[in-house]
2 protein chains.
Amino acid sequence: MEATVKLEISDAEWEVMRIVWTLGESNSRQITEILADKMGWKSATVKTLLGRLVKKQALTTRKEGNAFIYTPLVAEQDAMDSATRALFGHLCQMKVGQTLADLIDNLTLSKENIADLQAQLADKAKTAPETVACDCLPDGCDAMKQEA
Amino acid sequence: MEATVKLEISDAEWEVMRIVWTLGESNSRQITEILADKMGWKSATVKTLLGRLVKKQALTTRKEGNAFIYTPLVAEQDAMDSATRALFGHLCQMKVGQTLADLIDNLTLSKENIADLQAQLADKAKTAPETVACDCLPDGCDAMKQEA
DNA sequence: AAAACGCGATTACAAGTGTAAACTTTAGTC
DNA sequence: GACTAAAGTTTACACTTGTAATCGCGTTTT
């Protein structure tokens, strides 16, 4: 049983992580250059974010000369999965299906992605329930409507 | 062109919204009862959240006797869609396919949901690109790897 | 060696969030 | 009409987040 430490990566921090994840490792100069360009951030801002990410243990450092080299301590896919599961976890379960549909409408997926999803859905259909109930209220949800 | 006002609903506020969305409208006593139970919140906490939601224009009120009746000003599905689009919007586009797959693994979908998604995907496949590139770095992404 | 520059660390500071207590107003009750 | 209970309003307070400036130190340059 993994004692998964809940890692909260903020939006701004996420931008930093994406770069380190993609590069595998990087130093603050390189990260700063990219984010100065992409986000218009000052180097001080990036330094703050890097510091917070190290404190949060999302990144680790290794000294190289006068500077640090930053490496991810969490896998990008894991972070993406927790973030999405956290979000969907507090949405009305009855409406996640539609939300997923609306989301997919806005995403660009490759043919391969789509094929994989189709296979996955075909399999999932075998054990899928007929309906999914709303879980927003203690009782059944549709109950007590407009009791106010 | 709708001037869509960016509505930021926090996690705690979301819990309140779910109840009002589901009931259609409600008063603070009813909401407090449910959340005292589900979240362990004091009535003062719920009052604060209701106040913030009214100020943010996520809810509106109508006086009834000594109390207010709260009604949503934003549709639940719209709020869910913005929240999910906002999240996926800052994830690596190359990895959203896998993320979606991992997410679906964790969701309960009805047979109908699945059928709808399958139809949607079949249609989307027609115009899908062969691959989706990573958009985490300015250049091509896989470029400059390990330059540090 | 002195000066300048790059890097990490410390400090800043307002806005948003979670969580609530205290105060005030209002609507019934005796 | 005075009192009380419930609902709304104000105040509180620590933590997170976005966005930096500044400080101190080691390294590079003149």
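Predicted model: local features only at pLDDT ≥ 70, side-chain atom pairs only at ≥ 80, totals over all residues.
Residues are numbered from 1 along each chain as its sequence is written, chains are lettered from A in the order in which they are written, and side-chain values use heavy atoms, leaving out hydrogens and water.

Let's look at who touches whom. On chain B, 71 residues are in contact with 71 residues of chain A, where contact means heavy atoms within 4.5 Å. Four salt bridges link the two chains, each a side-chain nitrogen of Lys or Arg within 4 Å of a carboxyl oxygen of Asp or Glu. One to find is K95(A) with E76(B), at 2.7 Å from N to O. By class, the side of chain B that touches chain A has 33 nonpolar, 19 polar and 19 charged residues; here Ala, Val, Leu, Ile, Met, Phe, Trp, Tyr, Cys and Pro count as nonpolar, Asp, Glu, Lys and Arg as charged, and the others, Gly among them, as polar.

Now turn to a hairpin within chain B. Strands β2 (residues 59-64) and β3 (residues 67-72) of chain B pair in the antiparallel sense over six bridges; strands are DSSP runs of E, at least two residues, numbered from the N terminus, and two of them pair if DSSP finds at least two bridges between them. T61(B) has Y70(B) in β3(B) as its bridge partner. Two residues lie between the strands of this hairpin, and G65(B) takes a positive phi near 70°.

Terms used. Helix = DSSP H or I, 4+ residues; strand = E, 2+ residues; numbered from the N terminus.
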